[in-house]
Amino acid sequence: MFTIIRDLARQNLEFLCGLLLFAVIVGFIILSYFSPYAPTDIYLLPPDMPPDGDYWLGTTSRGQDVFWQLTTALRNTLYFGIGVAFLSRIISLVVGLVAGYAGGAVDRVLMAINDSIMVIPQFPLLILFYFVLKDSMTWTVLIVIMASLGWSYDARLIRSVAIGLKTRPFTTQSVYSGMSMRKILVEEHLPYVLPIVFATTMNNMIWSIGMEITLSVLGFTDIETPTMGMMIYWANAHSALIAGIWWWVAAPVAVIVILFLALFLLSMSMNEYNDPRSRLNRMGS
């Protein structure tokens with residue numbers, strides 16, 4: 001994996017730009033652990049102060065420093081996206097590899113479940129879960145729910161690769177040598193799909209973070225936990241743009257754009273790396 005990252009950083013400008021932007025995001029997250037203010041405390045500072053030397057990104061109408069609030073919100077949002085991506089990658093790997101290798105009835109059953117998940121309208125379902133679980137809708141529960149909805153497209157992609165790997169000579173040799181199905185999938189097939197998993201992880205993080213921001217802006221999450229969407233929610237609740245407190249909205253929106261751009265560039269460059277023809281064209285040029 002480190003070899004792949006090194007080669008991409010040398011040969012792919014999009015990957016290098018995405019990596020640098022993501023490093024900026026990580027830097028913000030590290031700063032959140034040194035915040036002088038508790039993330040949920042309010043009315044600690046003069047409200048509605050514009051950006052200056054004392055408050056780099058200004059303060060909110062709730063008396064919070066936008067810069068330090070932004071670092072904590074970014075940390076929570078990114079951790080949320082990583083949590084959803086991690087759980088959904090596990091599901092997609094298990095379903096995709098097993099379905100592609102086993103074939104037959106196992107493949108048909110797993111793909112029937114997969115296709116059913118794929119056509120479910122996710123956003124209305126998440127809102128329904130919010131109203132049903134309301135008091136029990138913690139961030140952990142939301143991560144599990146979104147991970148349960150966000151694996152189907154990637155599982156089908158992994159399955160298509162696994163079907164091809166099943167017919168390769170090394171798989172036949174592994175079967176004749178007495179290796180179990182689990183060992184074949186983990187030791188022989190998994191390394192071939194890891195680059196695809198990395199690329200789909202970026203896509204899944206973009207999707208899950210986008211859904212979190214949307215739900216938070218609408219107030220369908222825990223409004224006391226700082227996230228990027230929740231910063232916009234409170235700014236809208238206090239009519240920040242109408243009141244001329246533009247920095248309260250501009251700061252989270254700008255960081256969201258940087259985060260999405262970083263993840264998109266990483267995903268796009270990994271997709272290109274996975275395509276041999278694109279990789280050869282780039283090396284030839």
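The lining of the second largest pocket divides into four nonpolar, six polar and one charged residue, with Gly counted among the polar ones. This is a predicted model, in which local features need pLDDT of at least 70 and side-chain atom pairs count only at pLDDT 80 or more, while totals for chains, interfaces and linings use all residues. Residues are numbered from 1 along each chain as its sequence is written, and side-chain values use heavy atoms, with hydrogens and water left out.

A pocket here is an open set of points on a 1 Å grid over the protein atoms alone, where a 1.4 Å probe fits, with protein on both sides within 12 Å along at least five of seven lines; lining residues have an atom within 4 Å of a point. The second largest pocket holds about 170 Å³ of space, the volume being that filled by probe spheres set on the points. Its lining includes Gln122, Trp151, Asp154, Asn203 and Trp207. Helix α9 gives the largest share, four residues.

The largest pocket has about 220 Å³ of space. Among its lining residues are Phe86, Arg89, Phe198 and Met205, and α3 and α9 are the elements that give two or more. This lining has ten nonpolar residues, one polar and one charged.

Turn next to the nonpolar cores, sets of buried residues (under 20% relative accessible area, 1.4 Å probe, protein chains only) joined through side-chain atoms within 4.5 Å. Of the 33 residues in the largest core, Ile25, Leu74, Leu78, Met228 and Leu259 touch the most other members. The largest share of this core, ten residues, comes from α11.

Methods: Buried means under 20% relative accessible area, exposed over 50%, partly exposed in between (1.4 Å probe, protein chains only).
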